[in-house]
Amino acid sequence: MSSTYDAIVIGAGHNGLTAASYLAKSGLKTLIVERREIVGGCCVTEEIAPGCRASTTSYIASMLRPEVIRDLELASHGLRMVPCDPYLQVPFLDGHLLPWWADQERMIGELRRISPADANTFARVDADLKKLARYLQPYFLEPPPDLRATGFHRLTEMGRVARRMRQISGPEIERMISFLTGSLGDFLDRNYESEKIKTLILANNVYGKHGGPYQPGTAIGLLFHLLSGGEQELQGFYGNVIGGMGAITQAMAAAARKFGAEIRISSPVAKVIVMNRCATGVVLEDGTEFKASVVVSNADPKRTFLTLVDLKELPPDFVQAIQGIKMDGPCAKVNMVLGEEPKFIGTPADATPGQRSLFTLVPSLEFAERCYDIAKHGEIPEQLWVDCVVASHIDRTLAPEGKHIMTCFVQYVPYKLRNGNWDQNRELLGDRVVRKIAEYAPNVPGAILARQVLTPLDLERTYGLTEGNIFHGDLTLDQLFSWRPVPGWSQYRSPIRGLYLCGAGAHPGGGVTGAPGHNAARQVLRDRKRRIA
Ligand SMILES: Cc1cc2nc3c(=O)[nH]c(=O)nc-3n(C[C@H](O)[C@H](O)[C@H](O)COP(=O)(O)OP(=O)(O)OC[C@H]3O[C@@H](n4cnc5c(N)ncnc54)[C@H](O)[C@@H]3O)c2cc1C
């Protein structure tokens, strides 16, 4: 096989696979090199005990772009998503289980039983947020405004923003800015009276965030979660993937191969080869070299520029900006095989499989804020926020009859511990998670047959996420849009000609969306047309 390609993609995460598929589909001879023995990055299904498979890292598909699903024909490669209904549920220790129904009327009816005033507010705010999210939506599949454009390009960039925002009114701009910059906690306290309803909205909106709910910028999740997703382009879509999240990346890998891309697993890249400030290929850790004039990195920005590129090839201010990206922690994951169904308090006797599968354990805004405060000082909180998904209720292929798969996303934990290290504290974290779950589902501790604890350090070591950050960089306003990954470099290019970024560290950011991969490939193809790549 020839070792010269038109394009090489470093990493077979879902964004690398998406980028490679679009490049191959456009006729480029494309190679994907992945360090792990499986494709998928942090969108994978892995065996955690004999015969028992789990979505070890990401576990719910919410914002996967419908365009990517269609263009890559993922359904024809086996992708099947079952919408979550409810989207999520919060159990309270008084025995009340509060669901967030997919159907708006049903949801408002549910809230009305707790607070008629809050139910009305919810309906009003939801409609408002959905409208605002629609203004942001088009930016997801195109580069953010290029604030450093000059000359004619500056005019076209200004025209693009004006076109997208021409219908937004003054009051809507005011509200948009307040959602982008304000804190979720303050917003909820200002608008809602019921602590339970505030907690339900919290549970849906600070996912994976580096910051307690009262930190400025946390209200942004309200908008992000209303971007449409899934095949039907539903706003606020949440889906269970049959076969686990790995079914998405298996379908993407099949699409990439069908379009002609070649995938090499167990092939860690050691360096990007650079000559005269141009990328000319990659060299693997075993010394194998592959040549291409386009190298697209799916690795996060710190890993890409601080470890795969010789620093002397990069401008010092760029290196400094990359070093400054905030991305430590703050999440972990505990995956379990259970010998019996977990019985969470408040679950009705006639609950559907959907109602028996989603439980977010966070009792209040204050609890979440305290939990973050402890973690930010390098300690593992005694009391953790845990998001449990019993995926085997929806997908019986994951475990043999009688066994259940429960994945538990944990927030907040530090990347750097003040005392000791994560190798010494892995099981302590697992024990604290089990203890928290036992408060709501007392039968769980006795039902555990297998347990896998993924600390931030494990996320870094196994999945290649620098500092364990699940989004390749925090999703804060100063690290989003034209500021992602760093100011001046939001157009997927880098100071090295022909070297691009296509992962979650690029616009529009993390989550299983396929958007950065799609946008980066489009940029490569545009540049090739203009002969600058
Ligand atoms: C615990 C956890 C839970 C999450 N939950 C959800 C969720 O429920 N829903 C959701 O939408 N999102 C979730 N996310 C976030 C989401 O999974 C990620 O933001 C997204 O998958 C990132 O995709 P990516 O393709 O950009 O990068 P990655 O998936 O990180 O892929 C990068 C790839 O590059 C490879 N690589 C790195 N360096 C090299 C090298 N030197 N040589 C070769 N290959 C290399 C890596 O091995 C990896 O395969 C979660 C993430 C985690 C970790």
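Three strands form an open sheet in the order 12-13-14, with antiparallel pairing. Strand 12 (269-275) and strand 14 (289-291) are the edge strands, and each pairs on one side only. From one strand to the next, the twist averages 25°. The model is a predicted one.

**The sheet in detail**
- Strand 13 (residues 278-284) and strand 14 run antiparallel and are joined by three bridges.
- Glycine 281 has lysine 291, in strand 14, as its bridge partner.

**Valine 9**
- Strand 1 (residues 7-10) holds valine 9.
- Valine 9 counts as buried because its relative accessibility is 0%.
- Beyond its neighbours within four places in sequence, valine 9 is in contact with several residues, including Gly16, Ala20, Leu23 and Val296.
- Threonine 199 lies 190 residues from valine 9 along the chain, and their C-alpha atoms are separated by 41 Å.

**Helix 17**
- Helix 17 (residues 515-529) has 15 residues, which should span 21 Å at 1.5 Å a residue. Its end C-alpha atoms are 21 Å apart, so the two values agree.
- Buried residues of helix 17 include Ala515, Pro516, His518, Val524 and Asp527.
- Among the elements covering these buried residues are helix 1 (14-25), helix 2 (66-71), strand 15 (294-297) and strand 21 (499-501).
- Arginine 531 follows helix 17, and its phi is positive, near 60°.

**Salt bridges**
- Side chains of opposite charge can pair when their charged atoms come close.
- The count of salt bridges comes to 33.
- One of them joins aspartate 94 to lysine 196, with the closest N and O atoms 2.6 Å apart. This pair links distant parts of the chain, 102 residues apart. Aspartate 94 sits in the loop between strand 6 (88-91) and strand 7 (97-100), while lysine 196 is in helix 8 (residues 195-203). Aspartate 94 counts as exposed because its relative accessibility is 57%.
- Arginine 160 and glutamate 157 form another salt bridge, 2.8 Å from N to O. Both lie in helix 5 (residues 151-165), three residues apart, or about one turn of the helix. Arginine 160 is buried at 11% relative accessibility, and glutamate 157 is buried at 9%.
- A network of salt bridges links Glu142, Glu157, Arg160 and Arg164.
- Lysine 326 pairs with aspartate 328 in a salt bridge, the closest N and O atoms being 3.5 Å apart. Lysine 326 is partly exposed at 41% relative accessible area. Aspartate 328 is partly exposed at 28%.

Technical notes:
Residues are numbered from 1 along each chain as its sequence is written. This is a predicted model: local features need pLDDT of at least 70, side-chain atom pairs count only at pLDDT 80 or more; totals for chains, interfaces and linings use all residues. Side-chain values use heavy atoms; hydrogens and water are left out. Helices (H or I, at least four residues) and strands (E, at least two) are DSSP runs, numbered from the N terminus. Buried means under 20% relative accessible area, exposed over 50%, partly exposed in between (1.4 Å probe, protein chains only). Contact means heavy atoms within 4.5 Å. The expected span of a helix is 1.5 Å times one less than its number of residues. Two strands pair if DSSP finds at least two bridges between them. Axes are lines fitted to C-alpha atoms, for helices over the stretch in contact, and angles run from 0 to 180 degrees between N-to-C directions. A salt bridge is a side-chain nitrogen of Lys or Arg within 4 Å of a carboxyl oxygen of Asp or Glu.
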